[in-house]
Amino acid sequence: MTPPDASHNRWSDLDRPPLNATALRRGLLRPDALWASLEVVESTGSTNTDLAERARAGAAAEGRVLVAEEQTAGRGRLERSWTAPPRSGLFFSVYLEPGDIPVERWGWVPLLAGVAAATGLAKSAGVDMSLKWPNDLLVTVEGEERKTGGILGEFAGDGIVVGLGINVSLRAGELPAPTAGSLALAGAVSTDRETLLRAVLRSMEHWYGAWKAADGDAAASGLQAAYAAGCATLDRAVRAELPGGASLVGEAVAIDGDGRLVLSTEDGLQQPVSAGDIVHLRGAAGGLT
């Protein structure tokens, strides 16, 4: 008899057991909770794409969570790809409907997800986390800043889909780039994905509730201060690579009320940046605990 192909065996890597969807639902879905449904699929192209399509078709209600054990076409900002071995990380998207919150404040939702992920992972994995504006999660591996996660938000239907990709158990030889890292390589005390996912979603529920209660006011909800406290981009020289090919160099001095990064340039101007890639030029990362 020909043995089954190990690549199709969900238990082929015993260090990376599959998620227990029933246990996750039991721990997260309550009548008064934000999370209304949770689905775990073995493999998909992109959880963000799938959930956005459902939202546009009117088939997604607020609080829907879609988790994949593997993403074959995961997307980051600017349509960059995000790949990782099956069950080596957390790959999931959530659908939120901020409702009466002014649309101009919805841009805070991906930043909110960053604060929630960093605080949730810091507590559950025991790893110092920091945020690189606007959408990266950083850890320290062998004394160097490494990207261990990314966040992507996109409008869909009557709300916004927010996707997170977090490297949990990736080994050094599996990293997609020298600048990448994982919770395991950063010395995590736990790489149990169910524990980590519950912590992130509970933290997100807390911050989303506080933000909505403040009518989307990031300052009044404490979100603006929390993001600034954990942002590794602040108080260091950076280069902002802007849409259209222009760039701007300055010291990152603040996160303003609209979630923009404010740069102090050599000519003394305070220049807010709403979109772009940020390159850290010098300075130490901040921590979020």
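pLDDT is the predictor's confidence in each residue, on a scale from 0 to 100. The model shown here is a predicted one, and its pLDDT averages 92, with 90% of the residues scoring at least 70.

**Figure 1. The whole chain, before we zoom in.** Five helices and 14 strands make up the secondary structure of this protein. Of its 289 residues, 52% count as buried. If you take the contacts between residues at least 6 apart in sequence, 67% of them join residues at least 24 apart. The accessible surface comes to about 12900 Å², and carbon and sulfur atoms account for 50% of that area.

**Figure 2. The two ends of the chain.** Please read this view with the confidence values in mind. Over residues 1-8 the pLDDT stays under 50, and the model has one contact beyond four places in sequence for this stretch. Residues 284-289 also stay under 50 in pLDDT, but here the model has 23 contacts beyond four places in sequence.

**Figure 3. Helix H1 and its buried residues.** Helix H1 spans residues 21-28, and Ala21, Ala23, Leu24 and Leu28 are buried in it. Looking down the axis of H1, you will find its buried residues within an arc of 160°, so they line one face of the helix. The cover over these buried residues of H1 includes strand S1 (37-41) and helix H4 (193-213).

**Figure 4. The largest nonpolar core, and another one apart from it.** This core has 64 residues, of which Phe92 and Leu183 touch the most other members. Helix H3 gives the largest share of the core, with twelve residues. Another core, of seven residues, lies apart from this one; Leu51, Tyr95, Ala156 and Val161 are among its members.

**Figure 5. A closer look at phenylalanine 92.** Neighbours within four places in sequence are left aside here.

Figure 6. A search of the whole structure finds two aromatic pairs. In one of them, the rings of tryptophan 106 and phenylalanine 155 have their centres 5.8 Å apart and their planes at 45°, so the pair counts as tilted. Tryptophan 106 sits in the loop between S5 and H3, while phenylalanine 155 belongs to strand S8 (residues 144-156), so the pair ties together parts that are 49 residues apart in sequence. Is tryptophan 106 buried or exposed? Tryptophan 106 counts as buried because its relative accessibility is 7%, and the cut-off for buried is under 20%.

**Figure 7. Valine 103, in the loop between S5 and H3.** This loop runs between strand S5 (89-96) and helix H3 (108-125), and valine 103 is found in it. Valine 103 has a relative accessible area of 52%, so it is exposed. Its C-alpha atom is separated by 9.6 Å from that of glycine 159, a residue 56 places away along the chain.

**Figure 8. Glutamate 53, in helix H2.** Helix H2 covers residues 47-56 and holds glutamate 53. With a relative accessibility of 49%, glutamate 53 counts as partly exposed. How far apart are the C-alpha atoms of glutamate 53 and valine 161? They are separated by 10.0 Å, for residues 108 apart along the chain.

Terms used:
Residues numbered from 1 in each chain as written. Predicted model: local features only at pLDDT ≥ 70, side-chain atom pairs only at ≥ 80, totals over all residues. Heavy atoms only, no water. Helix = DSSP H or I, 4+ residues; strand = E, 2+ residues; numbered from the N terminus. Buried < 20%, exposed > 50% of the residue type's maximum accessible area, 1.4 Å probe, protein only. Contact = heavy atoms within 4.5 Å. Areas by Shrake-Rupley, 256 points an atom, 1.4 Å probe, with all protein chains shown as cover. Phe/Tyr/Trp six-rings, centres within 6.5 Å; stacked < 30°, edge-to-face > 60°. Core = buried A, V, L, I, M, F, W, Y, C linked by side-chain atoms within 4.5 Å. Arc of directions from axis to C-beta.
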